[in-house]
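Dear colleague,

Please find below the structure that I am handing over to you. My notes on it follow directly after the sequence and the model.

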Amino acid sequence: MSNSRIIFLPKMFLSFLLALALAISSGTAAFAATSAAAATTQVVIKLKLGSGQMTVDGVASTVQPPFQKNGVTFIPLSVLTKGIGAQLQLTDNKKMTLTHSASLKVVMATGSKTAYVNGVQKTLPAAPVVVKGVMMVPLRAAELLGAKIAFTASTKEIVIKGARAAAAGGQAGIDTDAGKSKIGDSYFKWSMNYPTGLAQTYQSTDGSSLEFGDVKKEYYLGVFVTTAFDKLSSLEIRDKILSYYYDTETTVSKSTVTASGMTYESVVTKDKDGLYYEYRGFQANDYLYVVAFGKKVSGPNELKQASGILDSFKTSFDASDAGIKDLTQVVEGFKTLKYDDYGFSLQLPKDWEMPEKTNYPYYEPKDGSAYILVDVTSLEKGDTMDEWLARRMERLKDTFDTPYYKQLERTQVTWNGVPAVLQKLSYTNDTKTWWDEYELYAIQGDYRYYAEFSFMQSRASEYEAVFKKVLETSQFDYRKIASNFGEIVDDNDRLDRTAVTTKTSRKYGYSVSLPQYWTAVASDFESDKVAYAFYGGSILINVIEGMGDTQQLYQAVDSTYNQSAAENKNEHIKENSIVPFGGTQAKRIVMEDDGTGDSLPYKSTVYAFAAGGRGYVITLNLKVANQSEFNKKTDGRGHRLV
């Protein structure tokens with residue numbers, strides 16, 4: 001039962017998505033350290049605002065032009081990777097780990113001003129952003145790698161001076177693989193000639209997207225594979241190709257081509273930087289393959305002369321051909337996913353991904369029928385495995401009503417090379433759809449390791465096999481945990497769930513006592529709307545200005561809930577009465593949703609009263625499955641209004 005599922009707010013209240021295509025060209029001799037001595041030398045990098053040229057120790061190359069926005073200067077991430085030589089590790093296209101040396105590592109993420117230098121939190125003047133497919137970072141990020149920066153406003157010149165990274169050199173060109181003359185993907189069933197002289201700059205976790213480039217950004221190659229079961233028309237394929245355009249591209253020509261026994265759609269474009277691209281769209285094997293080749297040329301005819309790499313593309317993969325380098329990320333339907341901060345990796349089905357805005361190892365398939373999460377916390381002195389498990393079970397009993405969960409079994413297993421406890425549970429939110437859950441508990445050194453694999457019981461035959469794979473392939477680097485982290489307190493483990501806190505609204509003249517473990521959703525008590533949530537429930541406080549007449553307020557509340565019950569056959573008013581509440585009289589309405597509609601079965605208890613020229617409406621929502629004895633005490637424990 002993941003914490004990501006704890007918020008329950010019915011339809012009456014509240015409703016970082018960044019698409020990142022990181023195109024950083026690989027390093028070449030101009031930027032690579034060639035010896036141990038070179039690894040410790042100083043490097044001088046010069047750029048100008050609005051200029052696409054960068055020099056590194058006097059050697060020029062082409063980059064995305066630096067720019068200023070809201071007073072912050074942005075430079076291409078490649079300045080740090082190619083110029084300074086920091087090694088880049090990209091996690092899920094958003095988290096960037098830059099390793100300068102064994103003693104200096106910087107972590108940044110798109111959409112966040114927070115950075116970490118050797119685990120110590122720092123604040124950037126702005127968040128990294130993607131511009132035209134290139135990652136741009138604040139100039140101040142160079143300082144995190146130990147460099148000194150200077151900016152001359154009159155000339156717009158940027159100078160960065162610092163030590164060349166101990167691991168300088170960047171990504172290697174893929175044409176260094178001896179004996180390989182082709183590349184391909186055995187899972188997605190394609191192959192083509194080696195893109196000699198280009199380096200792989202990006203590959204998605206499932207291998208469906210692959211990009212190559214050169215350091216001067218004069219060549220580009222991309223292979224993109226999407227599912228296409230139904231036959232697509234020429235127009236549909238061209239529309240798909242259009243989705244891969246950069247913003248600055250203009251279509252030059254479109255045609256349907258048949259050659260070498262293959263029919264494909266060809267689209268030629270030109271961008272404002274002088275690059276021409278040819279996109280080819282092939283449909284085969286229940287996939288649509290879009291292959292893009294770009295080059296800085298004088299026109300389409302010159303591009304055509306250089307497009308032999310496109311002519312070599314085939315919608316097949318010959319496993320017996322030793323000359324093909326297999327770039328597949330999917331083996332027997334599984335791919336390897338990594339979470340570098342934990343030194344953690346595991347194999348999951350190819351369609352499993354980490355959702356956006358997730359800051360811990362959490363993966364799920366696209367249909368939401370299962371998930372796995374992993375957590376690492378510190379082991380408190382004197383704590384034991386038995387005590388840890390007992391606290392977890394007590395929390396489960398507090399969360400779910402008895403008919404809605406079952407503890408099935410508990411066994412001893414080996415997980416990642418250490419003894420572990422494997423516990424299996426089942427739970428449901430409506431008695432119709434049951435979920436099975438495997439929980440793994442292990443203790444190693446000063447840390448506790450926990451994994452939770454949950455899936456719909458109706459898919460048990462499929463997901464039991466997936467869990468077996470998880471158990472076999474999940475790995476932690478215990479040394480990395482010990483070196484990267486200090487004390488990681490589990491805030492929920494020993495939380496006193498009976499403790500309350502009092503919140504006061506001076507503007508609206510009330511105070512309310514709430515359990516401390518509840519999560520704030522909208523917590524400005526000087527606002528007319530406040531919301532808190534917990535696993536399976538929530539409280540909403542709404543203040544209505546000008547609704548100081550008690551009977552008028554009662555009529556408005558009656559009208560709202562009567563109308564809702566009339567329009568939704570799954571909603572039923574179980575009580576409508578006047579009761580003492582917070583030192584006054586209040587209308588109390590209890591509405592139950594039987595779960596036959598779109599929502600899970602739940603009960604809403606509404607208190608409404610007027611005071612000081614205002615109306616106050618307090619709504620307590622609790623899913624039926626979570627009406628444990630502990631949660632039901634909520635009605636009488638808090639919510640004291642004065």
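Predicted model: local features only at pLDDT ≥ 70, side-chain atom pairs only at ≥ 80, totals over all residues.

Aromatic rings

A pair of aromatic rings is described by the distance of the centres and the angle of the planes. Searching the whole structure gives 42 aromatic pairs. One of them joins Tyr287 and Tyr289: the ring centres are 6.0 Å apart and the planes stand at 70 degrees, so this pair is edge-to-face. Tyr287 and Tyr289 are both buried. These two tyrosines also belong to a cluster linked by ring pairs, whose members are Tyr187, Phe188, Trp190, Tyr264, Phe282, Tyr287, Tyr289 and Phe313.

A further pair is made by Phe400 and Tyr427. Their ring centres are 5.7 Å apart with the planes at 55 degrees, and the pair is therefore tilted. Phe400 lies in the loop between α6 (385-399) and β30 (405-415), while Tyr427 is in strand β31 (residues 418-428), so the pair ties together parts that are 27 residues apart in sequence. Both Phe400 and Tyr427 are buried.

The charged end of Arg497 is placed over the ring of Tyr517, at 4.4 Å from the ring centre. Over the face of Tyr554 lies Lys587, 5.3 Å from the centre of that ring.

An open sheet of five strands

The strand order in this open sheet of 5 strands is β3-β2-β1-β14-β13, and the pairing is antiparallel. Strands β3 (59-62) and β13 (148-152) form the edges, each pairing on one side only. From one strand to the next, the twist averages 20 degrees. Strand β2 (residues 53-56) is joined to β3 by 4 bridges, and the two run antiparallel. Within this pairing, Gln53 has Thr62 of β3 as its bridge partner.

Helix α6 and its surroundings

Helix α6 consists of 15 residues and spans 21 Å from its first C-alpha to its last, which is close to the 21 Å expected at 1.5 Å a residue. An α-helix has 3.6 residues a turn, so residues three or four places apart point the same way. The buried residues of α6 are Met385, Trp388, Leu389, Arg391, Arg392, Met393, Arg395, Leu396, Asp398 and Thr399. What do the buried residues of α6 pack against? They pack against β30, β31, β32 (434-444), β33 (447-456) and α10 (629-632).

Leu396, which is found in helix α6, is buried with a relative accessible area of 7%. Leu396 and Gln407 are separated by 11 residues in sequence and by 10.0 Å in space, C-alpha to C-alpha.

Strand β33 and its partners

Is β33 largely enclosed by the rest of the structure, or is it open? Of the 10 residues of β33, 9 are buried, so the strand is largely enclosed by the rest of the structure. Strand β29 (residues 370-378) is joined to β33 by 9 bridges, and these strands run antiparallel. Ser378 stands opposite Tyr447 of β33.

Strand β32 is likewise antiparallel to β33, with 10 bridges joining them. Here the bridge partner of Trp435 is Met456 in β33. Together β32 and β33 form a hairpin with 2 residues between them, and Gly445 in the turn has a positive phi of about 65 degrees.

Asp286 has a positive phi of about 65 degrees although it is not a glycine. Asp286 is located in the loop between β22 (275-284) and β23 (287-296). Is Asp286 buried or partly exposed? With 40% relative accessibility, Asp286 counts as partly exposed.

Glu332 is not a glycine either, yet its phi is positive, at about 55 degrees. The loop that holds Glu332 runs between β25 (330-331) and β26 (334-339). Glu332 is exposed, its relative accessible area being 74%.

With kind regards

Note on methods
Residues numbered from 1 in each chain as written. Heavy atoms only, no water. Phe/Tyr/Trp six-rings, centres within 6.5 Å; stacked < 30°, edge-to-face > 60°. Buried < 20%, exposed > 50% of the residue type's maximum accessible area, 1.4 Å probe, protein only. Lys NZ or Arg CZ within 6 Å of the ring centre and 35° of its normal. Pairing = 2+ DSSP bridges. Axes fitted to C-alpha atoms, helices over the stretch in contact; angles between N-to-C directions. Expected span 1.5 Å × (residues − 1). Contact = heavy atoms within 4.5 Å.
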